Amino acid sequence: MNTVHVMIGAPGSGKTTLAKTLVGGDWNTVSADEFFVDKKTGEYMFDATKLSEAHAWCLRRFVRRAQGLVSQPAAPTERVVPYTPRRDDIVVDNTNSSIAEIAPYYALANAYGYNVVFHFFVGDVDVYLRRQTHGVPVGVVFGIHRRVLELVTAFAFPPFWQFEKKEHY
């Protein structure tokens with residue numbers, strides 16, 4: 001059975017680095033960050049007013065991957081080309097620092113018959129601040145890290161959710 005890997009961590013924690021090793025590249029990784037990358041220049045151009053749109057776009061990409069649809073538009077404005085059914089492991093590479101952010105991916109992974117692994121990044125937030133590349137404000141990084149630690153320690157996931165838990169330091 002294929003697996004969905006859900007990264008749960010602050011910017012700079014190593015989520016993207018691990019994601020690339022888990023699925024061997026970018027194709028099977030979905031991330032709201034991709035929405036903000038200029039497809040011509042490769043430049044990351046974050047726009048907070050489009051964050052909701054970016055996460056909706058990411059979730060649609062996840063659904064297509066879970067359904068085994070290979071071809072994806074590289075950007076929201078591109079046309080979807082014909083596809084070949086295929087099922088692979090998928091990585092969700094967002095901060096996912098709350099149950100509300102994780103739940104849609106868990107529910108869809110479960111509905112499509114995937115195993116689920118939650119990867120919690122619980123290392124040193126000062127290291128994350130030095131490594132992060134998107135210019136996320138310090139207070140935001142600390143807030144995300146705090147929520148991740150609360151998820152790990154309180155473990156407030158619905159009791160019927162079945163998943164494997166991995167912690168990364």
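Buried here means under 20% relative accessible area, exposed means over 50%, and partly exposed lies in between (1.4 Å probe, protein chains only). By that scale Ser97 is buried, with a relative accessible area of 3%.

This is a predicted model: local features need pLDDT of at least 70, side-chain atom pairs count only at pLDDT 80 or more, and totals for chains, interfaces and linings use all residues. Residues are numbered from 1 along each chain as its sequence is written, and side-chain values use heavy atoms, with hydrogens and water left out.

## Overall layout

The protein has 5 helices and 5 strands. Helices (H or I, at least four residues) and strands (E, at least two) are DSSP runs, numbered from the N terminus. Read from the N terminus, the elements run β-α-β-α-β-α-β-α-α-β. Of the 169 residues, 41% are buried. Contact means heavy atoms within 4.5 Å. Among contacts between residues at least 6 apart in sequence, 70% join residues at least 24 apart.

## The sheet

The 5 strands form an open sheet, in the order β2-β3-β1-β4-β5, with parallel pairing. β2 (29-30) and β5 (164-168) stand at the edges; each has a single partner strand, so one side of each is left without a neighbour in the sheet. Two strands pair if DSSP finds at least two bridges between them.

| Strand pair | Sense | Bridges |
|---|---|---|
| β2 and β3 (residues 90-92) | parallel | 2 bridges |
| β1 and β4 | parallel | 6 bridges |
| β4 and β5 | parallel | 5 bridges |

Individual bridges can be traced by residue. Thr29 has Val91 in β3 as its bridge partner. Met7 is partnered by His119 in β4. Phe121 stands opposite His168 in β5.

β4 is mostly covered, with 6 of its 7 residues buried. In β1, look at Thr3. Thr3 is buried, with a relative accessible area of 13%. Not counting residues up to four places away in sequence, Thr3 touches Asp89, Ile90, Tyr114, Asn115 and Val117.

## The core

A nonpolar core is a set of buried Ala, Val, Leu, Ile, Met, Phe, Trp, Tyr and Cys residues joined through side-chain atoms within 4.5 Å. The largest one here has 39 residues. Val4, Ile8, Phe62, Phe118 and Phe120 have the most contacts inside it. β1, α1 (15-23), α2 (51-66), β3, α3, β4, α4 (125-131) and α5 (138-154) each supply at least two residues of this core. In soluble globular proteins, nonpolar side chains tend to be buried together.

Take Ile8 as one example. Leaving aside neighbours within four places in sequence, Ile8 is in contact with Lys15, Thr95, Asn96, Ile102, Phe118, His119, Phe120, Phe121, Val148 and Leu151.

## The helices

Helix α3 (residues 99-111) lies across β1 (3-8), β3 and β4 (115-121). α3 runs at about 155 degrees to β4. Axes are lines fitted to C-alpha atoms, for helices over the stretch in contact, and angles run from 0 to 180 degrees between N-to-C directions.

α2 has 16 residues and reaches 22 Å from its first C-alpha to its last, close to the 22 Å expected at 1.5 Å a residue. The expected span is 1.5 Å times one less than the number of residues. The buried residues of α2 are Ala54, Trp57, Cys58, Arg61, Phe62, Arg64, Arg65 and Ala66. They pack against β1, β2, β3 and α3. Gly68 follows α2 and has a positive phi, near 85 degrees.

α5 has 17 residues and reaches 24 Å between its first and last C-alpha, close to the 24 Å expected at 1.5 Å a residue. Its buried residues are Val141, Gly143, Ile144, His145, Val148, Leu151 and Val152. Their cover includes β1, α3, β4, α4 and β5. Just after α5, Phe155 takes a positive phi of about 45 degrees.

## Back to Ser97

Ser97 sits in the loop between β3 and α3. A polar contact is a pair of N or O atoms within 3.5 Å; within protein, one must be able to donate a hydrogen and the other to accept it, and residues adjacent in sequence count only if both atoms are side-chain atoms. The Ser97 side chain makes such a contact with the side chain of Glu101 (3.3 Å). It makes another with the side chain of Arg147 (3.1 Å). Leaving aside neighbours within four places in sequence, Ser97 is in contact with Ile144, Arg147, Val148 and Leu151.
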